[in-house]
Amino acid sequence: MTHAPETSDDSQTPRLTPRGRHYQNRARTSRRGVWLALCCVGLLVVVLGAGGFAAMRLRSNVSTQALNLGDQMDGGSQLSDGPLDILVIGSDTRSGNNANYGSASDGESGARSDVMMLMQISEDRKNVNVLSFPRDLMVDIPQCKGPDGKVYPAEQDTQINESLTNGGAGCTVATINQLTGVNVDHFMLVDFNAVKQLSSVVGGVNVCVNKPIKDEYSGLDLPAGNSEVEGEQALAFLRSRHGFGDGSDTSRIQAQQGFLASMMRKVKSQGTLSNPGKMYGIAEAVTQNVTVDKGFTDPATMVDIGRILSGVDLSKIVFATVPTEPYTYDQNKLQLSADSEQVFKTLQKDGSLADPTQGQQDPAPKESSSAPVDRSVPVTLSNASGAKDRGKKLSSHVEDLGYNNVTYQDLAETADKTTIQYPTGYQAQAQEIADKFGVGSTEVVEAPGLAGVSISIGKDFTSGDTVKKDDSQKIVGGAQGQTADQQKCQQAFEY
């Protein structure tokens, strides 16, 4: 979706409302592009937090604040008791070393979190989900009590990035908790300098764009194809809204996810997590530019997280954007779509966003019956896959289940998907065959007029013993995103 034009990328500050734990309000403000950049860096900081040097620097250098300012009572999880949820928030404070990134009015504006990324490390430490929330997302913000004792009343239908102004990051944590049903264990608030310094310490990050980009708002200037970005250009890449896709926040988030995935690949390939010298440089570059909750400064926790993430396969690290749709009352803003519930349920159940079956409503329990399945029902396989002899080959698999009245035929027409139809009273037989071939429940349909079970073999089943999974639906709820092993070239904004 395309958002309203901006007079300046920095002038627009949509708000995100992660729910919170605790955070005190500082001069660090966050804007959409900047905040996204910061979130990206914050995630990498977490990943690179392994190693004694980084852990000790974090404890001695970093600023700390409370975790949850909301009225819900919760406590940070430890690595041993379930999935670990870390909220990364970007801060674009315009004071001090960051004064060059905005006007005087920008420097005086309150803190806002333009983008938020919720990272969940699964309990078995084999999967990592990173879920982004656009700044334009309209949500309800819970009541929050600031570090100074001031009570900020609950707000309805408010941009999510407004939560940071209600006392600090802890209110953002409280908002995310309420929105997702997930209990955030830690947060990390990152500023501009951390982005620039970290991208340089790792030796630059490879990015790809399909056409040249020259964005006067963020300062991004890239030729078509692959480029290495670091420092100011890395920050510009992560901040740019006018440079990518349709110029919307969701397009910018996709670019940021590509940046993070590329950085993850580089860190893993270069063995950064096991190099004390590189770890020390990262700690120096980052720890003076971040704020974390008080429970996140334990060196042992940081070392454990780094060790865990270094062992996660890149294909199991998923970057996704929460499913949204245009806001009912303002088409330039967003609201959660129905698919977001499936994403949240997946996180609540410690599932992987790379598994599209996660978070779906549990199927109705199968009726228990002591009677054996009647496999005398006729079964017909119609080959609409375009592959030779598929009906004949798969018919033998049906016979292996005990069915003795199996026939097959070839069709001139082709079908995209494999489907199974069954007459009334024969659902058990149809489901048994569907389980054998890996056919999804939505493709098994009752057809009262049939004389037996009918299987249409589609182009998704041209080889092998089970239906080919659709990679385009790889992420839960049809959410946009990618895994860390995927290399994507970003689409330049078409003016």
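Reader: Which residues in H6 meet which residues in H7?

Author: On the H6 side they are Ala234, Phe237, Leu238 and Arg239, and they meet Arg252, Ala255, Gln256 and Phe259 in H7, where contact means heavy atoms within 4.5 Å. By class, the residues of this contact divide into five nonpolar, one polar and two charged; Ala, Val, Leu, Ile, Met, Phe, Trp, Tyr, Cys and Pro count as nonpolar, Asp, Glu, Lys and Arg as charged, and the others, Gly among them, as polar. Please bear in mind that this is a predicted model, in which local features need pLDDT of at least 70 and side-chain atom pairs count only at pLDDT 80 or more, while totals for chains, interfaces and linings use all residues. Residues are numbered from 1 along each chain as its sequence is written, and side-chain values use heavy atoms, with hydrogens and water left out.

Reader: At what angle do helix H6 and helix H7 pack?

Author: Helix H6 (residues 231-239) packs against helix H7 (residues 249-270) at an angle of about 135°, and their axes are 8 Å apart. The axes are lines fitted to C-alpha atoms, for helices over the stretch in contact, and the angles run from 0 to 180 degrees between N-to-C directions. H6 and H7 are therefore oblique to each other, given that angles under 35 degrees count as roughly parallel, over 145 as roughly antiparallel, 65 to 115 as roughly perpendicular and the rest as oblique.

Reader: And which residues of H6 are buried?

Author: They are Gly231, Ala234, Leu235, Ala236, Phe237, Leu238 and Arg239, with buried meaning under 20% relative accessible area, exposed over 50%, and partly exposed in between (1.4 Å probe, protein chains only). Seven of the nine residues of H6 are buried, so the helix is largely enclosed by the rest of the structure.

Reader: Where is the place of serine 240, then?

Author: Serine 240 sits in the loop between H6 and H7, and it is buried, with a relative accessible area of 0%. Leaving aside its neighbours within four places in sequence, serine 240 is in contact with Asp215, Ser218, Leu220 and Arg252. As for arginine 252, it is 12 residues from serine 240 in sequence and 6.6 Å away in space, C-alpha to C-alpha.

Reader: Changing topic, how many salt bridges does a search of the whole structure find?

Author: The search finds seven, a salt bridge being a side-chain nitrogen of Lys or Arg within 4 Å of a carboxyl oxygen of Asp or Glu. One of them joins aspartate 136 to arginine 135, with the closest N and O atoms 3.3 Å apart.

Reader: Is aspartate 136 buried or exposed?

Author: Aspartate 136 is buried at a relative accessible area of 4%, and arginine 135 also counts as buried, at 1%. In another pair, aspartate 221 and lysine 214 meet in a salt bridge at 3.1 Å, N to O; here aspartate 221 counts as partly exposed at 43% relative accessibility, while lysine 214 is exposed at 67%.

Reader: Which side chain does glutamate 443 meet in a salt bridge?

Author: That of lysine 417, at 3.8 Å from N to O. This pair links distant parts of the chain, 26 residues apart, with glutamate 443 in the loop between helix H12 (427-437) and strand S21 (444-446), and lysine 417 in the loop between strand S19 (406-410) and strand S20 (419-422). Glutamate 443 counts as buried at 18% relative accessibility, whereas lysine 417 is partly exposed at 49%.

Reader: Since you mention H12, how does H11 pass H12?

Author: In a right-handed crossing, which is one where the near helix is turned clockwise from the far one by less than a right angle, anticlockwise being left-handed. The axes of helix H11 (residues 390-400) and H12 come within 11 Å and cross at roughly 120°, and H11 and H12 are therefore oblique to each other. Leu394, His397 and Val398 in H11 meet Ile433, Lys436 and Phe437 in H12, and these residues divide into four nonpolar, one polar and one charged.

Reader: Last one: how many helices and strands are there in the chain?

Author: The chain has 12 helices and 23 strands, where helices (H or I, at least four residues) and strands (E, at least two) are DSSP runs, numbered from the N terminus. Of its 495 residues, 55% count as buried, and residues 24 or more positions apart account for 79% of the contacts with a separation of 6 or more.
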